[in-house]
Amino acid sequence: MPTPPSDDLATPETAASAPRPAEPGGPRRAASPWRGRVMAAGLMLAALNLRPAVTSLGPLLEEVRDDLGMSGTVAGVLTSVPAACFALFGLTAPRLARRWGPGAIVCAGLAAIATGLLLRPFAGGTVVFLAASALALAGIAVSNILMPVIVKRWFPDRVGAMTGLYSMGLSLGTAAAAAATVPMTDALGGSWRSGLGVWALLAAVALVPWLFLARAGASGPETGGTDTDAPAAAKTAAAPADAPTVRITRSPLAWAMAVFFGFQATAAYISMGWMPQIFRDAGVSASTSGLLLAVMMAMGVPLAFVLPRIAARLRHQGVLVVVLGVFGLTGYAGLWLAPAEGAWAWAVLLGIANCAFPLALTMIGMRTRTHAGVVRLSAFAQSVGYLLSIPGPLLVGVLYQHSGGWGEPLALMAGFMVPQIVAGVLAGRDRHLEDEG
């Protein structure tokens, strides 16, 4: 039977007026510590699977293009598919979570990831390859949206730390896929199909704790989560149920978050989709190009754990946004001036810049007072943000094919960094979504 919908995931309109039904057997008790540990492990394993579907493709994109007959423009479309799927399917996550519970939807998302990655190597043409990729990306999309929700509900006093934990796992999975795909492809016979398909095994492993959590009802502990401090739980619970709410599409905060999220996603997916090709065109080998992408992604492993903790201690996160933006602009300038000679330095700089992602996730949790608020802001910022990011990788592919080089695409990438900084500074101000009502 489906998990009954949770009040914390109710819409603002119903949350203010609908009485809470009595639960059979009395109110639920706080979750036991072992369930909290299983949840933490589940978050980490899920995070490991939220990017390999994308970053495993970058180092083998040339082989996939040659085998399936893709042009540069079609490859640009392929690198835009993740953002499109995240925007489209991410919009369904709040409704699905209200109906079935967040744990069940994350579990279903991981099953979709495993299935899509398993089917992708059997594609005989571009259409089938895109369809299998879309299935995996749909699973990633709903999990993306619900990760901040689950963290807010289970660990309300440790939003920064737990966001850092699963952001670190996400970065680790991203880097591992970028670094290991080419060597595994060679070890498995040299076919890109084997090299991409092996990542389905990681998603299957991640399913194990979520099958348990979904069956046990991973909607969140009733009294504040595992190992929580009373002040943080009380602060979340203290938000009045009848507090005025603002339509999310009219919220300046929500739009600032969406634009910031969108442009950092644009930079991330351009990097994951095209950075190995930039290095290969500069004379770097395929395996080294994959390692360079891995270095970029690996920078997020320690920083994704530390940065949310720093952000949670600041009243205004704008300074972090600016610092990350400067690293990104410097990295793009280096790629234009000396792509091969300074390749490792540019990979490090751009890897630091891509840590805008865990910063954005942390800010989503900090800019809301209630569980319902974080659901609304997470769904809006991520879905609209990914929608805004769709044209970026496609434009890079078109400019690359049109110009025959990387000068114009790199100028476009640097240009995208400017609105990212502006929107991030606006979104980083000390205010909350619920206060805009």
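Leaving aside residues up to four places away in sequence, Gly 300 touches Met 168, Ser 171, Phe 305 and Cys 355, where contact means heavy atoms within 4.5 Å. Gly 300 is found in helix H15, and with a relative accessible area of 5% Gly 300 is buried, a word used here for residues under 20% relative accessible area, while exposed stands for over 50% and partly exposed for what lies in between (1.4 Å probe, protein chains only). Gly 300 and Leu 170 are 130 residues apart in sequence, and yet their C-alpha atoms are 8.4 Å apart in space.

The model is a predicted one, in which local features need pLDDT of at least 70 and side-chain atom pairs count only at pLDDT 80 or more, whereas totals for chains, interfaces and linings use all residues. Residues are numbered from 1 along each chain as its sequence is written, and side-chain values use heavy atoms, with hydrogens and water left out.

For the protein chain, the secondary structure comes to 21 helices and zero strands; both kinds of element are DSSP runs numbered from the N terminus, with helices (H or I) of at least four residues and strands (E) of at least two. Of the 437 residues in the protein chain, 57% are buried, and among contacts with a separation of 6 or more, 85% join residues 24 or more positions apart. The protein chain exposes about 16800 Å², of which carbon and sulfur atoms supply 68%, as given by the Shrake-Rupley method with a 1.4 Å probe.

Helix H17, residues 343-353, is mostly covered, since eight of its eleven residues are buried. Among these buried residues are Trp 346, Leu 349, Leu 350 and Ile 352, and the buried residues of H17 pack against H13, H14, H15, H16 and H18. In the loop between H17 and H18 stands Asn 354, which is buried with a relative accessible area of 17% and which touches Ala 267, Ala 268, Ser 271, Met 296 and Met 297, again not counting residues up to four places away in sequence.

Helix H13 (residues 252-281) also meets helix H18 (residues 356-366), and their axes come within 9 Å and cross at roughly 160°; axes are lines fitted to C-alpha atoms, for helices over the stretch in contact, and angles run from 0 to 180 degrees between N-to-C directions. H13 and H18 are therefore roughly antiparallel to each other, given that angles over 145 degrees count as roughly antiparallel, under 35 as roughly parallel, 65 to 115 as roughly perpendicular and the rest as oblique. On the H13 side Met 257, Phe 260, Phe 261 and Gln 264 take part, and they meet residues of H18 including Phe 357, Leu 359 and Ile 364. The residues of this contact divide into ten nonpolar, one polar and no charged.

Another partner of H13 is helix H4 (residues 61-68), whose axis comes within 10 Å of that of H13 and crosses it at roughly 95°, which makes H4 roughly perpendicular to H13. Here Leu 61, Glu 62, Glu 63 and Arg 65 in H4 meet Gly 273, Gln 277 and Arg 280 in H13, and the residues of this contact divide into one nonpolar, two polar and four charged.

Ala 75, in helix H5 (residues 72-90), is buried with a relative accessible area of 0%. Beyond residues up to four places away in sequence, Ala 75 touches Arg 65, Met 70 and Trp 274.

Notes
Ala, Val, Leu, Ile, Met, Phe, Trp, Tyr, Cys and Pro count as nonpolar, Asp, Glu, Lys and Arg as charged, and the others, Gly among them, as polar.
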